[in-house]
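Have the model open as you read, and click along.

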Amino acid sequence: MMDVATILHTLRDPAGIPTHPLVFQVLMVLTWAVHIFFVNLTLGTATVAGWGFFRGGEDHRRLSRGMTNVAKIALSLAIVTGVAPLLFTQVIYDPQWYTANVLSASWVMGFIFLLIVGYLLLYAFYFKNREGARPGVVHYLWSALVLLLVCGFVMHGLSYQQLLPEQWMDWYAPGGVVDPDGNTIHAFDLPRYVFFIGLSGIVAGIYMAAYARFFADREDIPARYLDWVGRLGVRIALYAAAFELLAGVVFVAEQPARTGFGAHPLVWLTGVFLLSLIAMLFAARERAAERAYLLLGWYAAFIALVAAAREALRMAYMAPFDYSVMDYAVNVDWPSTFLFFATLVGVGGPVAGFFIAVAFNVGKHADVYQAGPAMQRLGNLALASLLAWIGVFFALGAWVWLGNL
């Protein structure tokens with residue numbers, strides 16, 4: 001144990017980190033929650049799209065087209081939002097992350113290829129999923145889903161291998177013979193994988209209810225169809241949540257006793273939120289659209305708790321090796337810290353707010369949307385903040401460069 005602990009601390013970045021480790025840890029948890037939300041939304045809505053296409057009929061095919069559109073957008077957001085938690089992980093868990101990547105390097109490189117092909121296949125189905133589409137086009141979707149699930153398998157394997165540093169040497173040099181090919185995923189936890197993939201059914205179902213609520217004012221979409229989508233979504237989410245409760249119990253029960261994970265307050269709080277979500281879904285069976293936004297907000301809180309519990313489990317796995325992110329060396333760099341948060345709030349807020357507001361208003365109108373004065377002001381603010389950021393970026397670079405001449 002002491003040898004592993006020494007190795008882990010030696011492999012840390014000697015330059016340290018620019019601010020308190022808790023900042024990076026909180027950001028990692030929150031951004032991972034956003035990322036996994038879109039990952040699950042992609043998998044869930046794509047599955048519903050395939051089911052609707054297979055069932056046939058006007059309503060099912062219409063649902064299939066709508067959910068395919070959601071899946072392709074959600075996949076884009078899953079990729080973009082996946083960058084942040086990955087970077088924060090590399091900052092405070094750099095020995096674990098880089099070692100896991102080296103041990104399975106071929107899978108890491110193959111991940112990008114699999115993701116690109118899966119993305120292209122999803123788009124192929126989106127373009128072909130039109131009225132009168134041939135039954136065979138659904139194979140594009142099923143192939144995309146398989147590849148995306150394999151991508152999830154790779155990420156799960158890398159994450160799980162990080163938790164087992166005492167086995168790294170046996171994986172790298174089995175029997176004392178170095179095996180550097182990186183062709184193997186050395187650790188896989190099926191209950192853990194099933195639990196995180198199983199979240200897809202909950203979020204897809206709740207999203208369908210929110211979808212019905214959002215488009216309720218559109219005259220070009222039949223109210224009968226939206227009511228059917230909302231009720232169906234709540235049923236899907238209810239069944240998926242019940243399954244997830246069972247999967248969660250199995251996942252927690254099979255964790256090593258030394259982690260004490262089953263007794264952790266976050267685990268129990270997450271369980272309470274899941275049980276309350278099941279109760280809310282059960283009560284919303286006949287009032288799906290009416291309670292859709294409440295369900296979506298409650299699910300967001302639940303997934304944030306899942307992300308926090310996941311981090312608590314990682315800390316429990318690392319504790320025997322005397323590894324804590326809180327004792328990471330800190331070399332405070334206020335300019336970079338200020339610039340980061342100023343960018344996050346000052347640029348990300350107006351720009352993201354503008355795009356979300358535009359998407360919301362466009363979706364509410366069947367015809368061409370004409371932006372009003374308030375939207376135009378928000379757009380001008382977003383553009384001004386972006387231009388200001390570009391100016392500060394180059395000015396800061398020039399200042400540093402001139403200061404080092």
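Predicted model: local features only at pLDDT ≥ 70, side-chain atom pairs only at ≥ 80, totals over all residues.

By class, you get 23 nonpolar, 10 polar and 3 charged residues around the second largest pocket.

Now for the largest pocket, with about 1800 Å³ of space. Here 44 residues form the lining, and Phe38, Ile73, Leu77, Tyr207 and Ala359 sit nearest the centre. The helices that each give at least two residues to this lining are H2 (21–55), H3 (58–81), H4 (83–92), H9 (190–214), H12 (292–318) and H13 (334–363). Which helix gives the most to the lining of the largest pocket? That's H3, with 11 residues. Sorted by class, the lining of the largest pocket has 31 nonpolar, 8 polar and 5 charged residues.

How many cavities of 30 Å³ or more does a search of the whole structure find? The search turns up 2. The largest cavity has about 40 Å³ of space, and the second largest cavity also comes out at about 40 Å³.

The largest cavity is lined by Ser159, Leu163, Arg192, Arg310 and Arg314. That lining splits into 1 nonpolar, 1 polar and 3 charged residues. Around the second largest cavity you'll find Met28, Val29, Trp32, Ala307, Arg310, Glu311 and Arg314. Arg310 and Arg314 therefore turn up in both linings, given that a lining residue needs an atom within 4 Å of a point of the space. H2 and H12 each supply at least two residues of the lining of the second largest cavity, with H12 giving the largest share, 4 residues. Its classes are 4 nonpolar, no polar and 3 charged.

| Space | Volume | Lining by class |
|---|---|---|
| Largest pocket | about 1800 Å³ | 31 nonpolar, 8 polar, 5 charged residues |
| Largest cavity | about 40 Å³ | 1 nonpolar, 1 polar, 3 charged residues |
| Second largest cavity | about 40 Å³ | 4 nonpolar, no polar, 3 charged residues |

Finally, zoom out to the whole chain. It has 14 helices and 0 strands. Its radius of gyration is 23 Å, close to the 22 Å that the globule rule gives for 405 residues, so the chain is as compact as a globular protein of that length. Along the principal axes, the C-alpha atoms fill a box of roughly 65 × 55 × 40 Å.

Buried residues account for 44% of the 405 in the chain. As for who touches whom, take the contacts between residues at least 6 apart in sequence: 84% of them join residues at least 24 apart.

Note on methods
Residues numbered from 1 in each chain as written. Heavy atoms only, no water. 1 Å grid on protein atoms, 1.4 Å probe; cavity = no way out; pocket = protein on both sides within 12 Å on 5 of 7 lines; lining within 4 Å. Points joined across faces, edges and corners; volume = space filled by probe spheres on them. Nonpolar A, V, L, I, M, F, W, Y, C, P; charged D, E, K, R; others polar. Rg over C-alpha atoms; globule rule 2.2 N^0.38 Å. Buried < 20%, exposed > 50% of the residue type's maximum accessible area, 1.4 Å probe, protein only. Contact = heavy atoms within 4.5 Å.
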